Amino acid sequence: MKRKKLLLTAFLPCLLATGLLRPACAATDLTTPRSSGDRSTGSSLWLNYHELAPSLQKDWSGVVRQVFSPGESAILLNARDELLLAIGQMTGRQVAATDSPAGKGTVMLGRLDQLVDFLPKSAVEKASALTEGGYLIESITTGGKPATAIVSRDDAGVLYGVFHFVRLMQSGESRLRLSLSSEPAITLRMLNHWDNLDGSIERGYGGRSLWKWEELPEQLSPRYEQYARYCASIGINAVAINNVNANPKILREDYLKKVEVLAGIFRKWGIQTYLCVSFASPIRPSGIVEGRPRWRGVGDLESADPLDPEVRQWWQTKVDEIYTLIPDFGGFLVKADSEGQPGPSSYGRTHVDGANMLADALASHGGTLIWRAFVYDNKGDDRAKEAYDEFKPFDSKFLDNVFIQVKNGPLDFQPREPFTPLFGAMPQTHLAMELQIAKEYLGHATTLAYLGPMWAEILASDTYAKGSGSTIAKVIDGSLYGQKKSCIAGVANTGDGPEWCGSVFNQANWYAFGRLAWNPRLGAEEIADEWIRMTFRCDAPSRAAILKMMMGSHEALVDYTMPLGLNLLCAYDGHYEPSPATREAFHKADSKGLGFNRTKRGSNYVGQYHPELQSIFNDPDKTPLKYLLWFHHVPWDKQLSTGRTLFDELTFRYNRGVKSVDEMVQTWKSLGGEIAPATHASVMKKLLEEQQFACLWRDECVRYFSGVADF
Ligand code: GCW
């Protein structure tokens, strides 16, 4: 008998005994939770202002007796109202806004120029040094009375400071003498919505689009304001509201009037609006009669050639029109020459020609052009190499108001990929990082997968671009190359469903994205802990149990879908179920082994990294196991550092992933009395679905690879 068969036979009884290997997963009972103190329904997201425990209520009540907020801008009024709302709900006492900071326990908030007369010299000095969006929260004495100052140099910073203060209250903070400051590490912290004008969302799992185009500009959904408030609470300051696969209609006058209204709402929360535009927009709606390409736009031209003066003028006029309606318009986000989208290559022009033409039109208004590097034509030997090959030669060629937006991994938002080698390879270009909050390849809204650990892992990865310690975080925040502008974008997971993101736990990913965008060095665990405290009202052991679930949830998903650096094993349609049989081009399984040889003896994708990483990734014995099959074609019977053969390690990890989901189900079950019944039930339903999903992946992949392997 062949060795593999022997191994499976030996493994089988123990897997069956532990319930790890089942043809189909047994359903777990859905228990009815006992009554609980938690009232969260998921609809307030993390801005769930639970009443504080009595002792905390008493402490905080002394600190927040009144609010002094001299500013009158829309952002500052929102900041003031938020604080009043939070204090009222958490302390159970309505407090008033006053027009003097004289009383004891005043919280004063405003810009430095508004509060300077009330602040001690030390606070003025600290506040004067803040960068844009930064804030200071300081316990001070003013007029002989204890007070708290929340101060910034700009309105949005005050708003962020208020949300931080509120978070301290929500988190059960009991140190009431405060002295802290915070500044965003990244200047442009952005959500990208892949929302279509027909209300559908590409890769959206949280409902239909938040933007009700047919109702705009007359009718306003309350969600617009709520959405902006959630974004502001985590420091997001820009949103691109429509799909990168852009419908040119977005630039029509009637649509721009709708966008104007949304932008007006977002502005009050410190958020700039961006639009995704089709490169073919200048072409007339009927398309071009003769010749190629046959794109359709909303203009009156025959061409979209970026070097054609008429085309350039068309864009300039359109940009001017937009800025008349939306004076603080952010700019454009463009997917060009990618997956069938129009682009400059149709005219023999380059990404530089295309991006700079649009950037030029935006520059006179201070606008920004974000150009995506997600390009591949599947013609070469390795799709992972394409973005680098196409963009690296253009380093230093883009105008100063251009960002090149690069996905974190070179393939496509896989559960785990090494970082795209462009990071650290274009020192004279502003690179933005694109993450996906929506879980296109991670089980959509079904799975609990908390993405904080995945993103933190990416951000902490070392590019070695300027020696050891040249992390992705430093590339993205501009500090590695001394760049003043920086950008990170997350593909949004929002929708109009009751829980906004398809489930309560998916809200944590929106939250984590914002927090990491603010500070890419925050720990995933710290962020999860904050989110749990803000979202649920439960005791410390329950919080610890939820934290453990969250922190293990991504690794569990990697294990039960694509362990050891496998990727893109999903079905083409929907990217949800496993389909290893159709993905040979990515996993390269054959009778002898598994994995994609991307070393210098293979596609030499490894050659795109800096030498320090090349020496690791070219050697299967040095490559971390989590990336093994990404870089190497490994014999099935090769013994790995774990002591197991590749085949055994693979099945071990698939089973471990399923087991972790089983444990999450048990943990959540045990929290029945702690979590609000409706929330508990809806999460339990999802976890049971994830159990099935995990088994499906494990069973299908193990079955398929067992069939291919022959050793
Ligand atoms: O991940 C892939 C998705 C497409 C998406 C594309 C992109 C918006 O499957 O749906 O299109 O990436 O990022 O452009």
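**Where two domains meet**

Modeller: The domain assignment (bounds from an automatic or database assignment) divides the chain into domain 1 (8–25 + 554–596 + 633–708), domain 2 (54–182) and domain 3 (188–535). This is a predicted model, in which local features need pLDDT of at least 70 and side-chain atom pairs count only at pLDDT 80 or more, while totals for chains, interfaces and linings use all residues. Residues are numbered from 1 along each chain as its sequence is written, and side-chain values use heavy atoms, with hydrogens and water left out.

The C-alpha centres of domain 1 and domain 3 are 32 Å apart, and 25 residues of domain 1 are in contact (heavy atoms within 4.5 Å) with 26 residues of domain 3. Between them about 2,100 Å² is buried, 65% of it from carbon and sulfur atoms; buried area is the accessible area (1.4 Å probe) that two parts lose on being put together, summed over both. On the side of domain 1, His554, His575 and Lys686 lose the most area to domain 3, together 29% of what that side buries.

One salt bridge (a side-chain nitrogen of Lys or Arg within 4 Å of a carboxyl oxygen of Asp or Glu) is found across this interface. Arginine 416 forms a salt bridge with glutamate 555, with 2.9 Å between the closest N and O atoms.

The most comes from α21, with eight residues.

Technical notes. Helices (H or I, at least four residues) and strands (E, at least two) are DSSP runs, numbered from the N terminus.
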